[in-house]
Amino acid sequence: MGSHVVAERAEKTTWVLALTAAALGAGAFARYPLGFAQDGLVFGVAYALGIAVLALPLLLGEAALGQFRRRNVADAFGPGPWRFAGFAFAVAAVILAGYLAVVAGWSARYAYASFRGGFFDDPERYFRLASQGWDALLFALGAMAVAVAVCWAGIGRGLRGAMTGAGAVALFAVAAVAAWGLFVGGSDGRAAAFAFDAGAIDAPFIVTALQQALLPGLVGFGVVATLSTRVHDRTLPKEAVTLAFAWVLVPVLAGAGLAALAHDEGVTLEGGIQAHFGSIAALFGTIGGTEGGMLAGTFFGILLAGCLAAMVALLQVPAAILAQRSESWTERRAFAASGIVAYLVAIPLAFVAGAAEELEFALFAILAPLAGIVVSLHVGWARPEVLDGFVVGDAKHKLDSALRPMLRFVVPALLLVLFVLGTFEILADWGAITRGTDGLWKLVP
């Protein structure tokens, strides 16, 4: 077997495991277990449907765009006003990397404290100390430094060692935590985790499930377009299909395990990244002892691996633009500059109470739907030639005829609904509007 074949296969494996680990950081901890704990298996089914109608079409649309242009995310949108969308994605990638640096810092501190039982006595107080102030900023700096170092080390080697290891370890660890929660806990917890109550389905339920499903399809806001210059034309969309199945399986496992544990221990998983993070810590604190410490350390280690993997993927986006647009910008210099700017984003998140919470909500409710609308409209309408002859693996599996109506009609319509409802939620949080007794939104006089 030739060395180029070995390198190409390693590149494919790296891409799948790296973005799988990124999906762990973006989906498994971001409110998904909350929905599963409240609604059981019916939430997992709704999430899987959201993957099918939102995440997978968007992911394949990005893959088609990357194959068509073979450039960084800004140039992938081509000349004209659409290029500003590419630059907007690069800015969003930097902001998201800064946010994930803060969450990675929390995860690292919790992973270390877990094996020492450092937060078991008072989880709420420990979270306040770990999530705000200079300690949080220092741990965020460490996470960003690790991500930039991995980018440096991966230049020319496709990030094979670091990213493959992170993806494999994260997948194994999340399966271990889920197995513990499902099979060591009581039968009541298992029954609650896998209960299928169709009566739970209402408008807020569907919106939450679709928001959860959307984010994995936009991990990196153009990472697929950027990485497509490194992967053989027809392998990337084929591996994207495999990755979509992993995105369904991994959060379902994590959510089921945590939901079973929470039910057995009498702990309520709360919404929002800060409250949710603290309530999961309280869950492991309730278990306590060696078992609680090992479970907590494993879980927060998963979050750390997922956040770092996502940060590495996100930093690829602005770094590729800088390196390709100017000869004076080497890849290492571009990665360092992107990391510094992302860390500046992390600074206010570490000191302003509730800032991370507001950014997380804006990501789910506003930014992710808006980004999806831009991608779907660009690929479906502005550049329809992108989908001409788009194949998965070989010419016998054409996707253009199936993707075109999805990206033109179904995906934009669903995303527009999510964007409008998310905007209403933001305005309600600001006190500008309120929901009346009839369920309709009304202006506050």
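Predicted model: local features only at pLDDT ≥ 70, side-chain atom pairs only at ≥ 80, totals over all residues.

Residues are numbered from 1 along each chain as its sequence is written, and side-chain values use heavy atoms, with hydrogens and water left out.

Two packed helices are described by the angle between their axes and the distance between the axes. The axes are lines fitted to C-alpha atoms over the stretch in contact, with angles running from 0 to 180 degrees between N-to-C directions. Helices themselves are DSSP runs (H or I, at least four residues), numbered from the N terminus.

| Helix pair | Angle | Axis distance |
|---|---|---|
| α14 (residues 289-325) and α15 (residues 331-351) | about 130° | 8 Å |
| α16 (residues 355-382) and α17 (residues 400-430) | about 155° | 9 Å |

Take α14 and α15, which pack at about 130°. That angle makes α14 oblique to α15, where angles under 35 degrees count as roughly parallel, over 145 as roughly antiparallel, 65 to 115 as roughly perpendicular and the rest as oblique. The crossing of α14 past α15 is right-handed (near helix turned clockwise from the far one by less than a right angle; anticlockwise is left-handed). On the α14 side, the contact (heavy atoms within 4.5 Å) includes Leu315, Pro318 and Leu322, and α15 brings residues including Phe335 and Ser338. By class, seven residues are nonpolar, three polar and one charged.

Helix α15 also passes a length check: at 1.5 Å a residue its 21 residues should span 30 Å, and the end C-alpha atoms are 31 Å apart, which agrees.

Now for α16 and α17, packed at about 155°. That makes α16 roughly antiparallel to α17, and the crossing is left-handed. Their contact has 18 nonpolar, five polar and four charged residues.

Finally, which helix holds Phe89? Phe89 is in α5, residues 82-114, and counts as buried because its relative accessibility is 6%. Phe89 and Leu314 are 225 residues apart in sequence, yet 10.0 Å apart in space, C-alpha to C-alpha. Leaving out residues up to four places away in sequence, Ser107 touches Phe277, Phe300, Leu303 and Leu304.

Conventions
Helix = DSSP H or I, 4+ residues; strand = E, 2+ residues; numbered from the N terminus. Nonpolar A, V, L, I, M, F, W, Y, C, P; charged D, E, K, R; others polar. Expected span 1.5 Å × (residues − 1). Buried < 20%, exposed > 50% of the residue type's maximum accessible area, 1.4 Å probe, protein only.
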